[in-house]
Amino acid sequence: MSDAFGNPQTILVLGGSSEIGLAITAKLASRTRSIALVGRSQEKLEQSATHLRSKGAPEISTVIADAADASTAAGAVEAGLKALGGSVDLVLVAVGLLGDQEHDENDAGAAAELVAVNYAWPSAALSALRPSLITQGHGLVVHLSSVAAVRVRRANYLYGASKAGMDDFALGFGDGLDGSGVKVMTIRPGFVSTKMTAGRKAGPFSTTADKVAADVVAALPSSPRILYSPGILRYIFGILRHLPLSLWRKIPG
Amino acid sequence: MHSRQRVRMHGWGMTQAITAELLAANAADDLPAILAEAKHGAIARGLGRSYGDPAQLAGGLAISLLGAGRQIDLDPTTGLVTVGGGVSLDALISAALPLGWFVPVTPGTRQVTVGGAIAFDVHGKNHHADGSFANHVRSITLATPTGIHELSPESQPELFWATAGGMGLTGIITSALVQMIPVNSSVIAVDTDRYPNLDAVMAAMVEGDDRYRYSVAWVDCMRSGASMGRAILTRGEHVDDAAAAVKIPKSSRISVPFKPPSGLLNRLSITAFNEAWFRVAPSHAEGEIHELGAFFHPLDGLAHWNRLYGPRGFVQWQCAVPDQAGEVIATAIKRLSERKVPSFLGVLKRFGPGNAGLLSFPMAGWTLALDLPVGPSALPEVLDELDELVVAAGGRIYLAKDSRLSPRHLRAMHPRLDEFLKIKASVDPRGVLRSDLSVRLGITSAMP
């Protein structure tokens, strides 16, 4: 059961080697009773677990599942939930693939993989979790989305569209849990300097995994439906999304 | 027939909202059977005045006796009353006062049930004189998954003292026999004094509390330096005036209708309020006549006052420390002030010796209760630090107010926990009775 500040005792991290996901979990680690990390690489999950242990997490389990295959989602979620003792205070949806627009835009396999990892797998995972969440009558799902999901740009439409699909899914999923005691918070960070974005040009108002994590943790007690990090992006994208298409297209990649 | 409904519920601090099934039980219900069949656990829920999560169970069953009839059988000669677990102290006071009897202990609100008063072994402004609520309970009728038990401190001391202060984790208190105190009026004669700082009011309380039945200090936590903890000390006695008309404390008609979006209570408004409140109080007054309601239950004058804290809600932190650790009180107020964590209400009382309740809160010494709005980033850390100070001083935190204590402090604060768990298991072997608080603190497990 989470405390009055939203500090969870059990955390299910879908995407256990996500830098932002890990940064959030690390800030909460010392107050947890049990953490379950779901990811593709045992080695990377072990690294995450070591880091979390150094932050005071008393118990960490790992579940291996490949997010490129949506049929593995239900089993992974079930195993994770079981490892946590049957109920979960915080679910972090942190699976994600950035891809490489220039390289992938002519590649059917690459395009499909982005949709699989960024949309198909996490939507299957949340659907599998839904009955348990309703039964337990409490909990928070934090979905790591992106400002790229707000309006697709030519420069990254493969990534953007897959994130947009999942962003809408998460919002609807949250609405569908109205009255159940379970809330869903969608985080839309701006450009975050992480391993995933290494080498890319940072956009304006870029941020770090740690800053995003700090914003998420500060928002836990109120857990708004949509949170932008940094907060000013709410107003920027509030305007950008309504720009006439002719202007939007002119914004450089 | 009883009705079950899936509803949203939370504590008075409005944090930790969850969904659970609420069962409005009535007197004819077979509670042991209902408990034995509760697949996802069960806990009693009264009037929801505990600040955190002890009267709720996410995904489980919350059982309310509020609609189970208003049993109040008072013997007007002895003052012994058999009262239903779901009956509020408000109803009990209204029924008993015209007959010359008053509750032996009352917390700061009348809106708690008798069951809740026993389950949290509530205390009032007279602990140094009269102890806590359970000290005045002659017997309890308890419904557990294994049957109905009639408990008294003589016949079944173990289960009685596990249930008194046991936060509903041993079963549901369906009725109790309580010894009321005789009173000859519905007013209190009050002496009021203002003190420029915490040291001064604490010295005055040590020096003079034994001369009064009731004593409480309102402490201004928004000051620092020389005027840190300036306080208004009010102390009083029941007035002996059998001829005077008896006025029953009335439920308030004024209410806060909704939560203001960002809370009306902030550093500025509270600092201003505290200044006004301090100035308005007489620097010294003797024998002023106050109605019972105004003296004992000032906040009952504004229904839903908790909504003033806005959507983020608030937490309450209350500690009890032994006499020799009085400096913990000063350190607590100082630390909050230094870290810019505002507390909007500070209440300081003396405690006499505790009772045999295994999880009961009061211990001889001091108790400080603070209302703290959720919001300041340093708040969680500072409260953790204050907990460490309290543990180091041999004190404890009041679980009726708690919503964020770290489980690692539990055994240090409640050394008789293992004894309690053994007795609980004897009437609840499958661990049906649990609450969000008991799960959060590791007193019980999460699932059966």
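Modeller: What follows starts with two helix pairs, moves to the contact between the chains, and ends with two residues of the second chain.

The model is predicted, and every value below is computed from it. Two packed helices are described by the angle between their axes and the distance between the axes.

Take the pair H5 and H6 of chain A. Helix H5 covers residues 108-136 and helix H6 covers residues 157-176. Their axes come within 8 Å and cross at roughly 10 degrees. Angles under 35 degrees count as roughly parallel, so H5(A) and H6(A) are roughly parallel to each other. On the H5(A) side, the contact is made by A:Ala111, A:Leu114, A:Val115, A:Asn118, A:Tyr119, A:Pro122, A:Ser123 and A:Leu126. H6(A) contributes A:Leu158, A:Tyr159, A:Ser162, A:Lys163, A:Gly165, A:Met166, A:Phe169 and A:Phe173. By class, the residues of this contact divide into 11 nonpolar, four polar and one charged.

The other pair in chain A is formed by helix H1 (residues 19-28) and helix H2 (residues 42-54), which pack at an angle of about 30 degrees with their axes 9 Å apart. That angle makes H1(A) roughly parallel to H2(A). The crossing of H1(A) and H2(A) is right-handed. Here A:Leu22, A:Thr25 and A:Ala26 of H1(A) meet A:Ser48, A:His51 and A:Leu52 of H2(A). The residues of this contact comprise three nonpolar, three polar and no charged.

Next comes the contact between the chains. In chain A, 19 residues are in contact with 25 residues of chain B. The side of chain A that touches chain B has five nonpolar, 13 polar and one charged residues.

Chain B itself has 13 helices and 19 strands. Its C-alpha trace spans about 60 × 55 × 45 Å along the principal axes. For 448 residues, a compact globule would have a radius of gyration near 22 Å, and the 21 Å of chain B agrees with that. Of these 448 residues, 52% count as buried. Among the contacts in chain B with a separation of 6 or more, 74% are between residues 24 or more positions apart.

Two residues show how this looks locally. B:Pro249 lies in the loop between strand S14 (231-238) and helix H7 (267-280) of chain B. With 20 other C-beta atoms within 10 Å, B:Pro249 is buried, since the cut-off is 20 or more. Leaving aside neighbours within four places in sequence, B:Pro249 is in contact with B:Ile93, B:Arg110, B:Glu291, B:Leu292, B:Gly293 and B:His297. The C-alpha atoms of B:Pro249 and B:Leu97 are separated by 9.5 Å, although the two residues are 152 residues apart along the chain.

B:Thr163 is found in helix H5 (residues 157-163) of chain B. This residue is buried too, with 34 other C-beta atoms within 10 Å. Not counting residues up to four places away in sequence, B:Thr163 touches B:Ile140, B:Leu142, B:Leu151, B:Thr170 and B:Ile173. B:Phe314 is 151 residues from B:Thr163 along the chain, and their C-alpha atoms are separated by 28 Å.

How values were computed: Residues numbered from 1 in each chain as written. Chains lettered and ligands numbered in written order. Predicted model: local features only at pLDDT ≥ 70, side-chain atom pairs only at ≥ 80, totals over all residues. Helix = DSSP H or I, 4+ residues; strand = E, 2+ residues; numbered from the N terminus. Rg over C-alpha atoms; globule rule 2.2 N^0.38 Å. Buried ≥ 20, exposed ≤ 12 C-beta atoms within 10 Å, placed from the backbone. Contact = placed C-beta atoms within 7 Å. Axes fitted to C-alpha atoms, helices over the stretch in contact; angles between N-to-C directions. Parallel < 35°, antiparallel > 145°, perpendicular 65-115°, else oblique. Left-handed = near helix turned anticlockwise from the far one by under 90°. Nonpolar A, V, L, I, M, F, W, Y, C, P; charged D, E, K, R; others polar.
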